[in-house]
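Me: I want to learn how to read a few features of a fold. Where do we start?

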Amino acid sequence: MVQSLDRSQGRSGAPVAAASDAAGTFTGNRALQIEEKLLFEQGQPGRTGVDLPVPPKVKDRLNGLRRIGEIGLPGLSEPQVVQHYTRLSQKNYAIDMGVYPLGSCTMKHNPRINEKVARLPGIGDLHPLQPVSTVQGALELIDQLAHWLKTLTGMPAVAMSPAAGAHGEMCGMMAIAAALEARGERRQRAVVLAPESAHGTNPATAAALGFTVKPIPANDRGRVDLAALTAALGPDVAAIMLTNPNTCGLFESEIIDISKAVHAAGAFFYCDGANFNAIVGRVRPGDLGVDCMHINLHKTFSTPHGGGGPGAGPVVLSQALAPFAPYPWVVKDGAGWRIAEEGTATQGTPLGRLKAFHGQMGMFTRALAYIMSHGADGLRQVAEDAVLSANYVKARLQDLMTPAFDGPCMHEALFDDGFLKDTGVSTLDFAKAMIDEGYHPMTMYFPLVVHGALLIEPTESQAKEDLDLFVAALRSLAERAKSGTEAEAFKAAPRLAPRRRLDETLAARKPVLRWRPSNSPPGGDPLKQAAE
């Protein structure tokens with residue numbers, strides 16, 4: 001196999017074999033799968049896709065530091081740029097292409113009605129610096145979404161401004177810290193309990209706020225060990241940060257007892273709402289004794305997920321924490337709406353601002369469109385279908401693959417690597433072989449409480465026939481792995497992807513983050529080098 005060094009070393013530092021090297025074609029292309037060079041390899045000196053006027057002469061303010069050499073950017077025409085990024089986009093897997101089984105991440109379909117509403121005139125062209133008098137409809141929209149989030153969670157207050165789930169965690173824990181400060185117990189209560197089955201951002205958030213994190217083990221059923229939790233509670237505990245349903249895809253069946261024990265110890269109950277999509281319309285977290293919970297709008301209410309774009313993580317708050325909600329608030333003032341930027345809440349002091357403006361309007365619009373188009377019965381069905389899909393996948397695979405825990409699951413099915421024992425095939429090998437079958441692998445090796453975890457979340461978006469084909473593909477791979485004769489084939493996968501495997505250890509330890517021309521020695525002229 002020829003090593004495609006020039007095209008593959010830019011990011012990883014490790015040679016990656018191009019699958020197209022074995023295509024047997026003059027171009028290296030595999031039909032419509034185009035072998036794509038880096039932009040730096042395509043560039044030609046002096047080529048440009050724009051024609052800019054000569055800038056007027058101005059007084060030089062660079063104090064002798066004017067650049068005298070080339071900066072190493074590629075010269076490209078407009079068609080080259082468009083074709084490059086179009087070809088790259090065709091190499092990406094996406095929720096609009098097929099089943100996206102990432103567990104815990106909830107890669108669900110984004111209904112196009114949401115996108116249409118978010119682009120309507122008067123919504124898509126709003127500006128955050130407009131006068132309040134010109135955005136009355138937007139403020140009412142935010143208030144309506146807040147109303148439904150409070151209704152669905154059974155909580156009396158909600159902070160809308162947090163920009164993402166992790167930001168929402170920070171908001172909720174800051175409210176808890178503020179409440180403890182008001183009670184004069186902030187210094188005393190310095191410990192946050194974090195179950196092993198919680199999301200990984202939970203302990204990071206607590207630590208960032210200066211709390212000491214104490215893990216709570218899971219029992220053999222994959223839930224919080226209630227005895228261990230009770231033993232850990234004391235006058236030094238500020239809160240528990242618990243995910244429900246948890247990251248093993250299981251509902252915490254003793255959550256009422258957990259809530260009572262936490263409150264009896266004088267602590268607060270933070271619930272990570274990342275998996276709210278499994279219970280929306282069926283269970284109200286407020287009825288379980290939750291003090292605050294962030295809601296990932298992308299997971300439960302179908303706003304776009306990933307890509308580094310705008311997000312939203314509203315936080316619902318109990319009566320005890322509502323006085324500490326951050327600014328700003330949307331307030332009905334007579335016949336109109338206004339933004340509350342200052343003032344003092346009853347029996348508490350608001351946190352102040354967490355971010356500029358009032359959250360992400362596009363995400364609010366999409367989430368409200370999803371809620372209103374589904375209605376109460378539709379949202380209930382969302383949870384029921386998500387849980388049904390996950391249990392269907394689990395039931396169809398449990399004779400060949402090894403479920404991590406007995407009994408029904410919630411929105412995601414969790415398997416361990418027991419079915420691969422003594423086959424010579426690792427969890428990673430299994431995942432790479434899925435790529436050849438046309439599937440993005442499920443979440444691998446997470447949660448850490450399960451050895452060699454394979455976490456599958458089909459969501460409510462997929463048709464039964466799509467799940468049947470997905471299941472059949474996994475059954476085929478499991479049978480091949482168990483045959484004991486195809487270990488080398490699994491280790492060579494993927495064979496059909498644009499790139500084969502890279503040396504992940506070398507890529508992590510010695511990443512190459514700068515592209516250099518093939519005739520440029522390491523450490524050459526930095527003006528002729530450009531970051532990839």
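Reply: With a definition. A cavity is a set of grid points where a 1.4 Å probe fits but cannot get out; lining residues have an atom within 4 Å of a point. Keep in mind that this model is predicted.

Me: How many cavities of 30 Å³ or more does the count give?

Reply: Rolling a probe the size of a water molecule over the atoms shows where empty space is left. Here the count comes to one cavity of 30 Å³ or more. The largest cavity has a volume of about 50 Å³.

Me: Which residues line the largest cavity?

Reply: Cys248, Leu250, Lys394, Ala404, Phe405, Cys409 and Leu414. By class, that lining has six nonpolar residues, one charged residue and no polar ones.

Me: Next, the sheet. In what order do the strands run?

Reply: Strands of a sheet pair through backbone hydrogen bonds, either parallel or antiparallel. In this structure seven strands form an open sheet, ordered E1-E7-E6-E5-E4-E2-E3, with mixed pairing. Strands E1 (157-159) and E3 (212-216) stand at the edges; each has a single partner strand, so one side of each is left without a neighbour in the sheet. From one strand to the next, the twist averages 25°.

Me: In which sense do E5 and E6 pair?

Reply: Strand E5 (residues 268-273) pairs with strand E6 (residues 292-295) in the parallel sense, over four bridges. Gly273 stands opposite Ile295 in E6.

Me: Which strands does helix H6 touch?

Reply: Helix H6 (residues 165-182) packs on the sheet and touches E1, E2 (191-195), E4 (237-243), E5, E6 and E7 (315-317). The direction of H6 makes about 175° with that of E5.

Me: What about Asp422: buried or exposed?

Reply: Asp422 has a positive phi of about 65°, and is not a glycine either. Its loop runs between strand E11 (413-416) and helix H12 (427-436). Asp422 is exposed, because its relative accessible area is 75%.

Methods. Residues are numbered from 1 along each chain as its sequence is written. This is a predicted model: local features need pLDDT of at least 70, side-chain atom pairs count only at pLDDT 80 or more; totals for chains, interfaces and linings use all residues. Side-chain values use heavy atoms; hydrogens and water are left out. On a 1 Å grid over the protein atoms alone, a cavity is a set of points where a 1.4 Å probe fits but cannot get out, and a pocket is an open set with protein on both sides within 12 Å along at least five of seven lines; lining residues have an atom within 4 Å of a point. Grid points are joined across faces, edges and corners, and a volume is the space filled by probe spheres set on the points. Ala, Val, Leu, Ile, Met, Phe, Trp, Tyr, Cys and Pro count as nonpolar, Asp, Glu, Lys and Arg as charged, and the others, Gly among them, as polar. Two strands pair if DSSP finds at least two bridges between them. Helices (H or I, at least four residues) and strands (E, at least two) are DSSP runs, numbered from the N terminus. Axes are lines fitted to C-alpha atoms, for helices over the stretch in contact, and angles run from 0 to 180 degrees between N-to-C directions. Contact means heavy atoms within 4.5 Å. Buried means under 20% relative accessible area, exposed over 50%, partly exposed in between (1.4 Å probe, protein chains only).
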